Amino acid sequence: MSTQNALAISLDELATALEIYAGPPRPRRRPVQRLSRRGRVVSAAAVLAVVVVGTAYAAGFNPFAGISAANHPATSRDRLPAFLTARLAEFSSTMEKMGHGHLLLKSARSITELPSGMRFYTIATSAGGLCLATVNHPGANAKGGGLECGDSLSRSRPITIASEQVNHSTPRVSYGLALDGVTAVSFRAGGAERTVAVKDNVWAYEGQANLRAITVHWDNGSTQTLIDGR
Amino acid sequence: MIVAVTPDIVSLARRASAGETAAADELLRELEPLVVRTVRLVVGSGSWTAEDAAQDALLDIDRGLRSLRDPRAVKAWALRVATQRALKVSRRERLLWLRRAPSLDPELLAESGGPETGRSAAIKAAFDILPPRLRATAVLRLYVGLSEDETAEVLGCSLGTVKSNLHDARKRLAGELRERGFEPTTLPKEAT
């Protein structure tokens with residue numbers, strides 16, 4: 001075996017992995033874009049749901065419920081960077097087409113900043129959803145950022161989990177929001193058990209390994225396993 | 001080899017480029033699996049961005065059919081159009097990655113490598129953070145099965161660049177696999 005080959009993954013193995021993840025022969029359509037009769041009915045229902053929930057938000061429904069760090073009157077600190085606002089506005093229309101409502105950019109609240117400079121904002125959607133926008137990821141360029149959206153947090157879904165790695169020379173960052181009362185998040189990473197504290201409703205971990213066996217720790221001393229290790 | 005051109009495809013391409021709608025539809029159906037999977041793998045399977053890009057690539061091909069100069073080269077041309085779309089989307093995603101967490105889209109979970117912990121999921125995760133150009137080279141060479149010359153033609157680069165891109169991709173993947181606790185396997189007599 002040549003030294004050169006010993007340092008590289010085999011062609012066969014890479015080809016096999018690509019085959020596994022190539023997916024179906026046709027592109028999937030986002031649910032709102034389906035053209036079947038049933039699809040149109042579903043889309044119409046989704047649009048209605050957005051309107052109803054959007055009204056609910058306007059009437060006082062708060063997707064930030066249980067996130068104390070996000071529940072404060074807007075200040076200049078909450079203003080999103082201009083480049084992010086522009087890209088989020090663009091993405092918002094795509095979200096709406098997907099039936100997830102649009103981003104309510106004026107609802108954005110800055111919640112915390114990591115020592116690395118990575119900043120976190122919560123943003124509500126007109127469908128009552130909760131998004132976490134991030135900027136200044138380690139290794140990202142000045143206009144890099146991320147957005148993860150889902151339902152608002154609840155006792156059965158007390159944290160969000162996202163993981164990003166900008167490039168090979170920068171660390172993977174795993175992070176998410178945590179509901180009030182969650183004091184720490186534990187997981188297995190790289191074969192070791194690790195626990196990170198929650199600060200300002202955010203937990204974050206910098207490390208190359210993917211996270212396994214995720215458990216949240218509550219302020220009453222109880223724990224809740226979200227993802228079993230395998 | 002997937003890129004080998006059958007007479008039927010050539011005939012369809014000829015009729016489609018002459019403006020025959022039925023032939024264009026049939027040609028797109030023939031090309032669709034190749035185009036969709038190529039774009040999906042280059043952009044990163046398991047994301048709506050990849051699915052959208054695959055649809056856009058098919059639209060690009062549909063729009064470009066009338067300007068197809070050599071119907072005999074229709075598959076290479078389609079792959080060029082698809083790869084350009086995939087690279088464009090990948091670069092934009094790299095600049096600002098706005099996407100939903102894969103775990104929120106169960107439909108895409110199987111291809112995202114998300115909850116899996118095995119070796120192939122580790123390769124997938126490592127592959128998705130390679131620079132887009134390296135991903136495209138690997139997909140065209142190893143998944144589509146193009147020769148190095150054909151890959152160079154589709155990507156519009158030199159043969160040497162294809163070789164170095166592929167080697168670079170494999171080296172980076174091996175490093176990533178080690179960091180994730182897997183030893184890369186190699187074959188003693190494989191071509192590089």
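**Figure 1. Surroundings of A:Asp151 in the predicted model.** In this predicted model, A:Asp151 touches A:Gly129, A:Leu130 and A:Arg157, leaving aside residues up to four places away in sequence. A:Asp151 belongs to the loop between strand 4 and strand 5 (162-164) of chain A. A:Asp151 counts as partly exposed because 13 other C-beta atoms lie within 10 Å, and a residue needs 20 or more to be buried and 12 or fewer to be exposed.

**Figure 2. Strand 4 of chain A and its pairing with strand 3.** Strand 4 covers residues 145-150 of chain A, and 6 of its 6 residues are buried. One side of strand 4 of chain A carries A:Gly145, A:Leu147 and A:Cys149, and the other carries A:Gly146, A:Glu148 and A:Gly150; both faces are covered. Strand 3 (residues 130-135) of chain A pairs with strand 4 of chain A over 6 bridges, in the antiparallel sense. Within this pairing, A:Leu132 has A:Glu148 of strand 4 of chain A as its bridge partner.

**Figure 3. A:Ala108 in strand 1 of chain A.** Strand 1 of chain A runs over residues 103-113 and includes A:Ala108. A:Ala108 is buried because 22 other C-beta atoms lie within 10 Å of its own, where 20 or more are required. Leaving aside residues up to four places away in sequence, A:Ala108 touches A:Asp78, A:Leu80, A:Tyr121 and A:Ile123. A:Thr122 is 14 residues from A:Ala108 along the chain, and their C-alpha atoms are separated by 5.5 Å.

**Figure 4. Two nonpolar cores.** The largest nonpolar core has 56 residues. Those with the most contacts inside this core are B:Val35, B:Val39, B:Ala57, B:Ala78, B:Ala86, B:Val139 and B:Leu173. Helix 2 (residues 21-43) of chain B supplies the largest share of the core, 9 residues. Apart from this core lies another, of 40 residues, with A:Ile111, A:Leu130, A:Leu147 and A:Leu211 among them. Back in the largest core, B:Ala86 touches B:Val39, B:Val42, B:Val43, B:Ala53, B:Ala57 and B:Ala136, not counting residues up to four places away in sequence.

**Figure 5. Helix 2 of chain B and its kink.** At B:Leu31, helix 2 of chain B has a kink of about 50°, shortly before the proline B:Pro33. B:Leu31 is also one of the buried residues of helix 2 of chain B, which include B:Ala24, B:Leu27, B:Val35, B:Val36 and B:Arg37. Further buried residues of this helix are B:Thr38, B:Val39, B:Arg40, B:Leu41, B:Val42 and B:Val43.

**Figure 6. Helix 9 of chain B and the helices around it.** Helix 9 (residues 159-179) of chain B has 21 residues. From its first C-alpha to its last, helix 9 of chain B reaches 31 Å, close to the 30 Å expected at 1.5 Å a residue. Its buried residues include B:Val162, B:Asn165, B:Leu166, B:Ala169 and B:Arg170. Also buried in helix 9 of chain B are B:Arg172, B:Leu173, B:Ala174, B:Glu176 and B:Leu177. The buried residues of helix 9 of chain B pack against helix 2 (11-20) of chain A, and against helix 6 (119-128), helix 7 (132-144) and helix 8 (148-155) of chain B. B:Gly181, which follows helix 9 of chain B, has a positive phi near 90°.

Figure 7. Chain B has 9 helices and 1 strand, arranged along the sequence as α-α-α-α-β-α-α-α-α-α. Of its 192 residues, 46% count as buried. The mean pLDDT of chain B is 81, and 78% of the residues score at least 70. Confidence in chain B is lowest in strand 1 (residues 97-98), at a mean of 42, and highest in helix 8, at 95. Over residues 95-105 of chain B the pLDDT is below 50, and this stretch has 31 contacts in the model beyond near neighbours in sequence.

Figure 8. Chain A has a mean pLDDT of 76, with 73% of its residues at 70 or more. In residues 1-5 of chain A the pLDDT is below 50, and the stretch has 7 contacts beyond near neighbours in sequence. Residues 31-59 of chain A also have pLDDT below 50, with 26 such contacts in the model. For the complex, the predictor gives an ipTM of 0.80 and a pTM of 0.55.

Technical notes. Residues numbered from 1 in each chain as written. Chains lettered and ligands numbered in written order. Predicted model: local features only at pLDDT ≥ 70, side-chain atom pairs only at ≥ 80, totals over all residues. pLDDT = per-residue confidence, 0-100. Contact = placed C-beta atoms within 7 Å. Core = buried A, V, L, I, M, F, W, Y, C linked by C-beta atoms within 7 Å. Helix = DSSP H or I, 4+ residues; strand = E, 2+ residues; numbered from the N terminus. Pairing = 2+ DSSP bridges. Expected span 1.5 Å × (residues − 1). Bend = angle between axes of the 7 residues up to and from the residue.
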